[in-house]
Every structure is written in C-alpha cells, then in structure tokens.
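Good morning, colleagues. I shall take you through a few residues of one model, and I ask you to keep the structure in view as I speak.

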Amino acid sequence: MPRITAELTHGTQVTISDGTHEWRADEPARLGGTDTGPTPYEQLLGALAACTCMTLAMYCRFREIPLTAVRASYDHDRVHSDDCEECENPDGGFIERVTSHVQIEGTMTDAQRDRLTAVAARCPVHKTLERGLVLVDHVEFV
C-alpha cells in the first residue's frame, strides 16, 4: 500500500501526497479554516464513494453486465444510539453514522440488480470501515 503524507501548510490547510498525486484538505471558514479543500471527513466519504463506484464498475466489467452509470453519495452524522434503529451501541451515547445513496444505471435483470445491491456494500473501503481497523500510532518530536 502506498504511504500517504500530510503537512500543515497554513492555518488548518494541509497538503496531502501519495508521492505521485497531491491534494489539499482544510476546514471551512466558520471553523477557523480557509476552505481551500474538503475536510478530512469529506475526504473519507469521498474515498468511500469512489471505491463504491470503482468496485461496481469492475464487477460489471468482469461479469459483462451492461452498466451505463454509477453515482454514489454518502452522508455522515452523529446520532444518539437511542435514535438509531440500525445502530448497536450497548454503552449508549453518540454513534458515527454513514448513510449511502447509490444509483446504478443500465439494462439489468432482477438477479443482476440484487447482486449489484450486495456488491455496492462490499467495496474494500466499506468493508474496512464496517469491520473496524487497528490504528498503530507513532509520534515523534524533532
């Protein structure tokens, strides 16, 4: 896997790189940023949306399913566990919730539609977020 690096450049503006591509993250002005790029949460949701679209496109190409277009959008919110029917949190409190909206266009059979509905929730980023991950932190002072 490539290494992603980020460097604070000004205020809350961060330049991010994978060694080949460079992009920016920032916070909106109302939070003290300069709004020169998407927030970290927006980038996370963007990665999820991109992965969903790519996974569906590759699956359709491999299975020779006639795909015309794929659009994916994701919303993030914090909800109290008591207000979230699909959420499990035995400790109560707030839960981070991501809701997907995926549109798939093409001439498909009902069986293909059922399969693509399942595939939409199985992209690698989705599976990583759903299963959880282990973060190993190293902080260095120079």
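I begin with Asp 110, which counts as exposed because its relative accessibility is 61%. The model is a predicted one. Asp 110 is placed in helix 2, the element that covers residues 110-119. If you look for Arg 97, you will find that 13 residues separate it from Asp 110 in sequence, while the distance in space is 29 Å from C-alpha to C-alpha.

Is Asp 26 buried or exposed? Asp 26 is buried, and yet it has no salt bridge. The nearest side chain of opposite charge belongs to Arg 24, and it is 6.7 Å away. A salt bridge would require a side-chain nitrogen of Lys or Arg within 4 Å of a carboxyl oxygen of Asp or Glu.

Another is Thr 36, where the polar contact between the side chains is 2.9 Å. Leaving aside residues up to four places away in sequence, Asp 26 also touches a number of other residues, among them Gln 13, Gly 33, Gly 37, Pro 38 and Pro 40.

Asp 35 is also in the list of residues that Asp 26 touches. Asp 35 lies in the loop between strand 3 and helix 1. Its relative accessibility is 51%, and it therefore counts as exposed. Please note its backbone: phi of Asp 35 is near 55°, a positive value in a residue other than glycine.

A positive phi is also found at Glu 64, at about 55°, although Glu 64 is not a glycine. Glu 64 is placed in the loop between helix 1 and strand 4 (69-80). Glu 64 is exposed because its relative accessible area is 70%.

I stay with this part of the chain for Arg 63, which has its place in helix 1.

Next comes Glu 22, which lies in strand 3. With a relative accessible area of 63%, Glu 22 is exposed. Residues up to four places away in sequence aside, Glu 22 touches Thr 15, Ile 16 and Ser 17. Between Glu 22 and Val 136 there are 114 residues along the chain, counted from one to the other, and a C-alpha separation of 24 Å.

I close with the nonpolar part of the surface. Which residues make the nonpolar surface patch of about 500 Å²? The patch is made by Tyr 41, Leu 44, Leu 129, Leu 133 and Leu 135. Of these, I would point to Leu 135, whose place is in the segment after helix 3 (124-131). Leu 135 counts as exposed because its relative accessibility is 65%.

Terms used: Residues numbered from 1 in each chain as written. Predicted model: local features only at pLDDT ≥ 70, side-chain atom pairs only at ≥ 80, totals over all residues. Heavy atoms only, no water. Patch = residues over 30% accessible without salt bridge, like charges linked within 9 Å, V, L, I, M, F, W, Y side chains within 5 Å. Areas by Shrake-Rupley, 256 points an atom, 1.4 Å probe, with all protein chains shown as cover. Helix = DSSP H or I, 4+ residues; strand = E, 2+ residues; numbered from the N terminus. Buried < 20%, exposed > 50% of the residue type's maximum accessible area, 1.4 Å probe, protein only. Lys, Arg positive; Asp, Glu negative; His and termini not counted. Polar contact = N/O pair within 3.5 Å; in protein donor to acceptor, adjacent residues only side chain to side chain. Contact = heavy atoms within 4.5 Å.
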